[in-house]
Amino acid sequence: FKQKTAYEISLGLVGSEMCIRDSLKWKEFSLHHLNLTTVSTQASVLAGFGFAALVKFHTHEETHAFLLFGFYTCTMLQLSANILCIATTTMLSVCGTSLSMRGADGSIVRSVDSIYSLRRHVFGLFWLGIAATVWTGIFYCWIIFDVIHALVSSSLLLLTLVLLWRWRREISELFYFERDEATRFCDLRPLTGPRALPRASSAIG
């Protein structure tokens, strides 16, 4: 039986630490990938609504030009935001997976951090698409309904838009945390590091 030196034990601790780090980062990457897939699916549904609005919508000669301008502008904005959202989530998923699987050592950390830093762009495009979809519905109500029905329908849609904005703020504030409050990997390794080595060497002696 050969006793291990303190150097060999320290190498083993470092290797174990890297395995734990990569395992945690892979779990975090899987969660980010699932979130991107969910957002992309919802954006695809909203984009389908936009295409359907353009294909099936028929204007009347007496329709006011301002209503038509608002309807088509919001529809194209909705389409653009959702298509950009789909493209961004797809590129992040594909490129992030490629970097994590085929990159150099530590690539999984870089991949996860990159996806996390760009998540605001994805959610921003998604919320822009939702807001544009609601405004498309508002203009559509005033184009096809009479005044009473258009007023009631558009009021409900405006209420929906206000509630969406309010709940978005409340949820964001509820789950917000400062960058320095985030859990670091060094917080999860109490048995490794320079302070653990003297205990290992004294145990051998």
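1. A residue counts as buried when its relative accessible area is under 20%. T89 has a relative accessible area of 1%, so T89 is buried. The structure discussed here is a predicted model, and T89 is placed in its helix α2.

2. The surroundings of T89 can be described through its contacts. Its side chain reaches the backbone oxygen of C85, with a distance of 2.9 Å. Once neighbours within four places in sequence are set aside, T89 is in contact with L36, S40 and V122.

3. Overall fold. The protein chain has 6 helices and 0 strands, and the order of elements from the N terminus is α-α-α-α-α-α. Of the 205 residues in the protein chain, 26% are buried. Taking the contacts between residues at least 6 apart in sequence, 79% join residues that are at least 24 apart.

4. Main core. The largest nonpolar core has 14 residues, and the members that touch the most others are F29, L36, V39, C85, V122 and F126. Two or more residues of this core come from each of α1 (6-56), α2 (65-102), α3 (107-117) and α4 (119-144). The most come from α1, which gives 5 residues. As background, nonpolar side chains tend to be buried together in soluble globular proteins.

5. F126 as a core member. F126 is among the residues that touch the most other members of the largest nonpolar core. Not counting residues up to four places away in sequence, F126 touches V39, Q42, A43, L46 and C85. Another core lies apart from the largest one; this other core has 7 residues, including F57, L67, L68 and C74.

6. L92. This residue is in helix α2. The cut-off for burial is under 20% relative accessible area, so L92, at 12% relative accessibility, counts as buried. With residues up to four places away in sequence left out, L92 touches L36, T97, I115, L118 and V122. The pair L92 and V122 is 30 residues apart in sequence, with a C-alpha to C-alpha distance of 9.8 Å.

7. F69. Helix α2 also holds F69. Is F69 buried or exposed? Exposed means over 50% relative accessible area, so F69, at 58% relative accessibility, counts as exposed. F69 and F139 are 70 residues apart along the chain, and their C-alpha atoms are separated by 9.2 Å.

8. Second largest pocket. Which residues lie nearest the centre of the second largest pocket? They are F49, A53, F71, T136 and G137, out of 13 lining residues. The space in this pocket is about 190 Å³. The elements that give two or more residues to its lining are α1, α2 and α4. The largest share of the lining comes from α1, with 5 residues.

9. By class, the second largest pocket is lined by 6 nonpolar, 6 polar and 1 charged residues.

10. Elements in summary. Helix α2 contains T89, L92 and F69. Of these residues, T89 is buried at 1%, L92 is buried at 12%, and F69 is exposed at 58%.

Notes
Residues are numbered from 1 along each chain as its sequence is written. This is a predicted model: local features need pLDDT of at least 70, side-chain atom pairs count only at pLDDT 80 or more; totals for chains, interfaces and linings use all residues. Side-chain values use heavy atoms; hydrogens and water are left out. A nonpolar core is a set of buried Ala, Val, Leu, Ile, Met, Phe, Trp, Tyr and Cys residues joined through side-chain atoms within 4.5 Å. Buried means under 20% relative accessible area, exposed over 50%, partly exposed in between (1.4 Å probe, protein chains only). Helices (H or I, at least four residues) and strands (E, at least two) are DSSP runs, numbered from the N terminus. Contact means heavy atoms within 4.5 Å. On a 1 Å grid over the protein atoms alone, a cavity is a set of points where a 1.4 Å probe fits but cannot get out, and a pocket is an open set with protein on both sides within 12 Å along at least five of seven lines; lining residues have an atom within 4 Å of a point. Grid points are joined across faces, edges and corners, and a volume is the space filled by probe spheres set on the points. Ala, Val, Leu, Ile, Met, Phe, Trp, Tyr, Cys and Pro count as nonpolar, Asp, Glu, Lys and Arg as charged, and the others, Gly among them, as polar. A polar contact is a pair of N or O atoms within 3.5 Å; within protein, one must be able to donate a hydrogen and the other to accept it, and residues adjacent in sequence count only if both atoms are side-chain atoms.
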